[in-house]
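Please read the following note alongside the sequence and the model. It is written as a set of numbered points, each on one topic.

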Amino acid sequence: MANMPPPLPTPPEPGPQASGLPPAPPVDGQTFFWLFFRFDGRVGRQVYWLSILFLTAVAGVSGPFAVDPESGEVLMQFGPVQSFVYTLATICSIAVSIKRLHDLNMSGLFAIGLLFFPVALIMTLWLGFRAGNGQPNKYGWEPDVRPTQPPPTVDDDA
């Protein structure tokens, strides 16, 4: 026993004490529901892009593809399930886009442009690349956090 080296010190547990940051709120069913089905609050660019990519993947996986043996074209076959999934994905993407507009201190009414394809493409890119200010505004205290209290009263003229 005399020949054994001393034990190594254990590294600190990762968490709020080690990094100096407050603990991240848990992602639960309520947060998921808020992100995709409610129109209040704010989201930043990273959550916006991840949400849009997730919804695109869900919509893409739900559509059964078929290859026409005569022409070799890839065709999508629409049925009631695909129509439901595409409608739901459209509603969810509008909800996420409204939150992104709120982060830019803009009204959610601008999301109407997402219903028209050329405008939707440009607007999706613009929302994804335009940086928010990170300050509290009339739509919420901070981005990427489910609102638990009313938004601050912010003077728009200041």
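The points below go from the overall fold to helix packing and then to individual residues.

1. Overall composition. The model is predicted. The protein chain contains 5 helices and 2 strands. Read from the N terminus, these elements follow the order α-α-α-β-β-α-α. The protein chain has 158 residues, of which 28% count as buried.

2. Helix α4. This helix covers residues 80–103, which is 24 residues. From its first C-alpha to its last, α4 reaches 35 Å, close to the 34 Å expected at 1.5 Å a residue. Just after α4 comes Asn105, with a positive phi of about 60°; this residue is taken up again in point 8.

3. Packing of α3 against α4. Two packed helices are described by the angle between their axes and the distance between the axes. For α3 and α4, the angle is about 175° and the axes are 9 Å apart. The two helices are therefore roughly antiparallel to each other. On the α3 side, the contact is made by Arg45, Tyr48, Ser51, Ile52, Leu55, Val58, Ala59 and Ser62. On the α4 side, the residues are Gln82, Val85, Tyr86, Ala89, Cys92, Ser93, Val96, Ser97 and Arg100. Sorted by class, this contact has 10 nonpolar, 5 polar and 2 charged residues.

4. Packing of α2 against α3. The contact involves Phe32, Leu35 and Phe36 of α2, together with Val47, Ser51, Phe54 and Leu55 of α3. By class, the contact of α2 with α3 has 6 nonpolar residues, 1 polar residue and no charged residues.

5. Tyr48. This residue lies in helix α3. Is Tyr48 buried or exposed? Its relative accessibility is 0%, so Tyr48 counts as buried; the cut-off for buried is under 20%. Leaving out residues up to four places away in sequence, Tyr48 touches Val43, Val96, Ser97, Arg100, Thr124, Leu127 and Gly128. One of these, Arg100, is 52 residues away along the chain, and the C-alpha atoms of Tyr48 and Arg100 are separated by 6.8 Å.

6. Arg42. This residue is placed in the loop between α2 (29–37) and α3 (45–62). Arg42 has 0% relative accessibility and therefore counts as buried. Which backbone oxygen does the side chain of Arg42 reach at 2.9 Å? It is the backbone oxygen of Gln135. A polar atom of the Arg42 side chain also lies 3.0 Å from the backbone oxygen of Gly140.

7. Gly132. The position of Gly132 is in the segment after α5 (117–129). With a relative accessibility of 32%, Gly132 counts as partly exposed. Apart from its neighbours within four places in sequence, Gly132 is in contact with Arg100, Asp103 and Leu104. Gly132 and Asp103 are 29 residues apart along the chain, and their C-alpha atoms are separated by 5.7 Å. Arg100 is listed here as a contact of Gly132, and it was listed in point 5 as a contact of Tyr48.

8. Residues with positive phi. Asn105 is found in the loop between α4 and α5. Its phi is near 60°, a positive value in a residue other than glycine. Asn105 has a relative accessible area of 37% and is partly exposed. Asp144 has a positive phi of about 70°, although it is not a glycine. Where does Asp144 lie? It is in the segment after α5. Asp144 counts as partly exposed, at 37% relative accessibility.

Methods
Residues are numbered from 1 along each chain as its sequence is written. This is a predicted model: local features need pLDDT of at least 70, side-chain atom pairs count only at pLDDT 80 or more; totals for chains, interfaces and linings use all residues. Side-chain values use heavy atoms; hydrogens and water are left out. Helices (H or I, at least four residues) and strands (E, at least two) are DSSP runs, numbered from the N terminus. Buried means under 20% relative accessible area, exposed over 50%, partly exposed in between (1.4 Å probe, protein chains only). A polar contact is a pair of N or O atoms within 3.5 Å; within protein, one must be able to donate a hydrogen and the other to accept it, and residues adjacent in sequence count only if both atoms are side-chain atoms. Contact means heavy atoms within 4.5 Å. Ala, Val, Leu, Ile, Met, Phe, Trp, Tyr, Cys and Pro count as nonpolar, Asp, Glu, Lys and Arg as charged, and the others, Gly among them, as polar. The expected span of a helix is 1.5 Å times one less than its number of residues. Axes are lines fitted to C-alpha atoms, for helices over the stretch in contact, and angles run from 0 to 180 degrees between N-to-C directions. Angles under 35 degrees count as roughly parallel, over 145 as roughly antiparallel, 65 to 115 as roughly perpendicular and the rest as oblique.
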